[in-house]
Amino acid sequence: MSQYADFYRQSIEQRDSFWSEQAQLVDWKTPPTQVCDYGNPPFAKWFVGGTTNLCHNAVDRHLASRAGQTALIAISTETETERAYSFAELHIEVQRMAASLLAMGVKKGDRVLIYMPMIAEAAFAMLACVRIGALHSVVFGGFAAGSLASRIEDAEPVAVVSADAGSRGGKVVPYKPLLDEAIALSKHKPQAVLMVNRGLAPMHLQPGRDHDWAALRAQHINAVVPCEWVESTHPSYTLYTSGTTGKPKGVQRDTGGYTVALAASMKHIFDAEAGQTFFATSDIGWVVGHSYIVYGPLIAGMATIMYEGLPTRPDAGVWWSIVEKYKVTHMFSAPTAVRVLKKQDPAYLSKYDVRSLKALWLAGEPLDEPTAQWISSALQVPIIDNYWQTETGWPILTLANGVEQQSTRFGSPGKAMYGYDVKLIDESTGEELTGANQKGVVAIEGPLPPGCMQTVWRDDARFVNTYWKSIPGRLIYSTFDWGIRDADGYHFILGRTDDVINVAGHRLGTREIEESIASHPNIAEVAVVGVADSLKGQVAMAFAVAKDATGLTDDAARLTLEGEVMKQVDKQLGAVARPSRVYFVTVLPKTRSGKLLRRALQAVAERRDPGDLTTMEDPAALQQVKDLVG
């Protein structure tokens, strides 16, 4: 079967036989007796009766044929260190970490919270947890104490693995004081804390609770910790969705379904082979880091790169130097990072040999056409957008080039991936929209395919009510994103369903206005929000970063550029979509994972309290906005 359309159709119409075939890509201790149990919608159980282990599939099974091959490459431009681990060395380190966790009282089914920078020990900790059947809950390093405390309270970890500090842009971020404060704030108290001392910040160990990793590792130098074979449906981890308010929402993932989904995605989506090198520039605190830094590439027998640092330090060529040095074949990043590089000297892109790259995959934020075209011509490789969520664990929309080579369409993340029965739904009637270029809510008919969330941790009702009951009259999973699908099956994401501006009765997606503004030759980046207006209900307000800000300190120059942008929106979308104002800033407020803080922008524009900003990268970005809007 060479054509993707046939491959996709089989995955939907012959679901069980399709996924039974994909299950052959991983090792099972006990083969599954049932492919999918969907007797209690919307809860799906995948590969029922099967037993497996995620760490075995990522590490142990490769020892027979590629023990000496590089598995993990940890690079830090913050500490100027690089270390590569073979599969055999990774196997040894993971067992030492697993033995240390067991010595601290961690058992199968227990939770271990990991609060770490991007260092090798973070990957050891994740793999060690799933090796012994414990659930890891990774929290992005440097999260403020309050956010960390709420996650400790919800996950109720027996142990925490952390480090003295992380570093970003040359600035040390001490973790231990934040962790101590978070534990003090939390009603739940972990019984043990394992600390990795990098020598970056003072680290006071609390007697009886805190353990030094170097000392424990030395005690378990020859540790042999066999994999704990767990039921396919046994949870592998929980991951809290970023930007949650109130009680955090823990996405709970299974073991067997996730292992199969990742193995299949490496083959069918990434067209990957053992011995190649994968470089995802994300962080293990986010879902991309789980799926495509730690687990996916290792399951596929690839080398994977963990990078601590910025894309611009020591200079804007650092990523491409890594591609050249390690012959990176697959690179996965975010449009936000590419936009940052777009503002740098283009000479850095031609300085290094990047011919090993097969493609660059981008996800996390909508990829605008000008950015996609710029990086495509600069690298001379396919730029493949993809769209998915923390909840799904792997792409919903992209191109499955391992099945059939397909051309990208700028502005589109691609086609529905196998296993995802993607539909566009009219939000008011619940009817499916089957025509080309009709705008609807992107939804997925149950069951969600393997690898997607099982439920919200300890809150089945929240899982059902949040994701499955937002569309009237239907039990269907909502992504909460607007989309359209063209006649060839390519989807275009138009923004969140709650990022819709109602201007005098006209419903406008912020993404559509952003796309229009971004196509102006002097706009590098833009965010559009709806702001309350006494006359029209809401108006669009834009905040833009200019490619060339020379002269924009002058009022007349700013007004000229603002006028040009407004005329462009008028021409492309009509006067109804014209922003009330276009403000020019040097940087947009973003989370550390690169997501635009649109909610905070909207709040400041409406002179409201922006709320919890613990995930914000640069507080000065929002201050600029406050100064502009008064």
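## Helices 17 and 18

Glu512, Ile513, Ser516 and Ile517 of helix 17 are in contact with Val565, Gln568, Val569, Gln572 and Leu573 of helix 18; contact means heavy atoms within 4.5 Å. By type, the residues of this contact are five nonpolar, three polar and one charged. Here Ala, Val, Leu, Ile, Met, Phe, Trp, Tyr, Cys and Pro count as nonpolar, Asp, Glu, Lys and Arg as charged, and the others, Gly among them, as polar.

Axes are lines fitted to C-alpha atoms, for helices over the stretch in contact, and angles run from 0 to 180 degrees between N-to-C directions.

## Basis of the model

The model is predicted: local features need pLDDT of at least 70, side-chain atom pairs count only at pLDDT 80 or more, and totals for chains, interfaces and linings use all residues. Residues are numbered from 1 along each chain as its sequence is written, and side-chain values use heavy atoms, with hydrogens and water left out.

## Helices 7 and 8

Helix 7 (residues 145-155) packs on helix 8 (residues 176-185) at about 50 degrees, with the axes 8 Å apart. That angle makes helix 7 oblique to helix 8. Their crossing is right-handed.

From helix 7, Ala145, Gly146, Leu148, Ala149, Ile152 and Glu153 meet Leu178, Leu179, Glu181, Ala182, Ile183 and Leu185 of helix 8. This contact has nine nonpolar residues, one polar and two charged.

An open sheet has the strand order 30-31-32 and mixed pairing; two strands pair if DSSP finds at least two bridges between them. Strand 30 (523-533) and strand 32 (581-584) are the edges, each with a single partner, so one side of each has no neighbour in the sheet. On average, neighbouring strands are turned by 25 degrees against each other, direction ignored.

Strand 31 (residues 537-546) runs parallel to strand 32 and is joined to it by four bridges. Ala542 lies opposite Val582 of strand 32. Helix 19 (residues 598-605) packs on this sheet, touching strand 30 and strand 31, and its direction makes about 55 degrees with that of strand 30.

## Whole chain

The chain has 20 helices and 32 strands; helices (H or I, at least four residues) and strands (E, at least two) are DSSP runs, numbered from the N terminus.

Conventions. Angles under 35 degrees count as roughly parallel, over 145 as roughly antiparallel, 65 to 115 as roughly perpendicular and the rest as oblique. A crossing is left-handed if the near helix is turned anticlockwise from the far one by less than a right angle, and right-handed if clockwise.
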